[in-house]
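Here is a short tour for someone new to reading protein structures. Take a look at the picture first, and then we will go through a few places together.

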Amino acid sequence: MGIEVDRTEFSAEDYRAFGKRVRDNLYVLERLLAKPNFGVGPTTFGAELELYLIDNNGHPLLLNQDIQNQLQDPQLTLELNRYNLEYNFSPYAINDNCLAKTEAEALSVLKRINECAQQWGGSAIPVGILPTLQAADTGYHVMTKTKRYEALTKQLSEIRGGPFTIDIQGSEHLNHSMQDVTLEGACTSFQIHLRVAPERFADTYNALQLVTPLALALGANSPILFGHRLWHESRIPLFKQSIDCRRPDLAHPTPARVNYGHSWLRHGASELFAESIYLYQPILPLISTEDPLEIYNQGGVPSLHELRLQQGSVWLWNRPVFDPADEGHLRIEMRALPAGPTIVDMMANAALLIGLTEMQRIGINEKLPAIPFEYCIKNFHRAAEHGLNAELIWPDIKQNKLTYRPVTEILKDLLPKLSEHLTAIGFLHADFDRLLGIIDERLQTRQNGAQWQLNKLRQLEQQLSRPAALVAMIQEYRENSAANIPVAQWK
């Protein structure tokens with residue numbers, strides 16, 4: 001998804017040629033997916049973590065390129081804004097202690113980044129939105145100067161034809177306009193990659209769509225933006241609005257490039273790739289030198305460069321990934337969960353989300369008639385807005401009407417069954433048992449990252465102004481996060 005580009009200006013011929021090539025890519029993908037042995041291989045787990053760089057006062061530090069240059073780690077990549085970095089963790093087979101190995105790798109990476117950042121009085125922290133972030137911390141001057149980000153910003157701005165407007169109503173209201181897309185960089189995530197066999201893709205994807213609101217509510221960690229108390233997971237509306245290039249003056253509807261999907265998946269992954277081609281105009285019409293049809297006809301697996309580039313500019317919260325590695329395979333990228341509060345909390349969120357998905361995959365087609373997809377989208381937004389206080393529609397094949405249930409009750413019913421489903425698909429019990437205990441403790445205390453931030457800010461504001469309280473809060477957050485203490489145990 002982070003394919004680099006070599007230019008920022010494109011002609012009408014570039015778009016025409018790209019349109020033809022990306023359709024050729026789709027044709028080849030459909031042929032590949034129809035092959036009996038395509039994508040066969042061990043189920044693997046991978047992850048990406050986006051981080052904030054901050055100074056000793058908890059304010060953004062514009063050092064991502066300096067740190068990358070010093071560490072020279074190919075898995076460490078630059079994000080949109082100069083105070084963000086992303087680390088791409090090594091993939092592991094799920095029966096190879098993948099969760100524990102990823103946790104150990106993440107702690108080691110954070111230690112190296114922090115040691116490097118100390119020379120500038122800085123550190124890195126995982127948090128969905130930095131609570132001390134201010135409007136002055138956004139704008140073209142903070143954007144990482146790479147051709148990819150310059151091209152994305154230019155193309156999205158030209159399609160939009162005017163300022164990007166942020167309008168989020170939470171317990172407080174934020175309305176803000178920007179001429180560029182750098183506010184998208186305020187959103188930092190913990191993204192999970194799970195390899196999925198093509199024949200199981202549709203059922204797995206639909207189950208994931210159903211359960212993501214549950215994991216999002218329990219893992220919320222982004223309640224504050226520009227000093228305003230907004231949604232428990234404010235990344236969800238912020239990410240959509242910050243790069244919403246739909247022109248407000250056009251009468252005909254255009255789907256947002258950031259969305260939760262348009263319907264339950266009917267047959268397989270190719271539907272999602274087709275939507276990205278048919279519904280969204282290209283942003284980066286760059287063509288590779290390979291001939292995908294020729295490579296396929298010779299029995300090879302092409303990179304499908306254009307299809308991957310197009311898919312990388314349509315931001316589904318659960319996104320399909322085609323990877324030509326290992327003779328080609330499919331993954332699902334789970335993008336809804338925030339960064340933080342701690343590494344161990346994020347690993348627990350991953351175990352929860354994957355376990356819930358596998359649990360609901362079994363018999364998913366019997367459950368889908370009990371929850372129209374539009375209600376699944378509403379669940380997603382209700383979970384983001386209210387966190388652990390959310391009430392969601394949950395399907396029951398014995399129901400005779402749609403009813404809301406507290407998300408905590410739904411999770412309490414499902415949590416005891418997670419262990420058997422994680423074991424059934426190959427996870428080791430010793431790898432996830434401690435993590436499910438962390439999930440249970442968070443559910444019992446009703447304290448996730450968002451709730452801790454809101455409670456701590458309320459406490460600090462009894463003695464301090466809001467700006468001072470936010471600084472004090474993020475300093476305590478940083479200490480707890482660095483100690484890798486589960487957020488349910490934070491005072």
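Which residue's side chain does a polar contact of 3.1 Å join to that of His329? The partner is Arg331; a polar contact is a pair of N or O atoms within 3.5 Å, and within protein one must be able to donate a hydrogen and the other to accept it, while residues adjacent in sequence count only if both atoms are side-chain atoms.

This is a predicted model, where local features need pLDDT of at least 70 and side-chain atom pairs count only at pLDDT 80 or more, while totals for chains, interfaces and linings use all residues. Residues are numbered from 1 along each chain as its sequence is written, and side-chain values use heavy atoms, leaving out hydrogens and water.

**Around His329**
- You will find His329 in strand E14 (residues 329-334); strands are DSSP runs of at least two residues (E), helices of at least four (H or I), numbered from the N terminus.
- His329 counts as buried because its relative accessibility is 6% (buried means under 20% relative accessible area, exposed over 50%, partly exposed in between, with a 1.4 Å probe and protein chains only).
- A polar atom of the His329 side chain also lies 3.1 Å from the backbone oxygen of Ala325.

**Helix H16**
- At the N-terminal end, Asn448 caps H16, with a side-chain oxygen 3.3 Å from the backbone nitrogen of Ala450.
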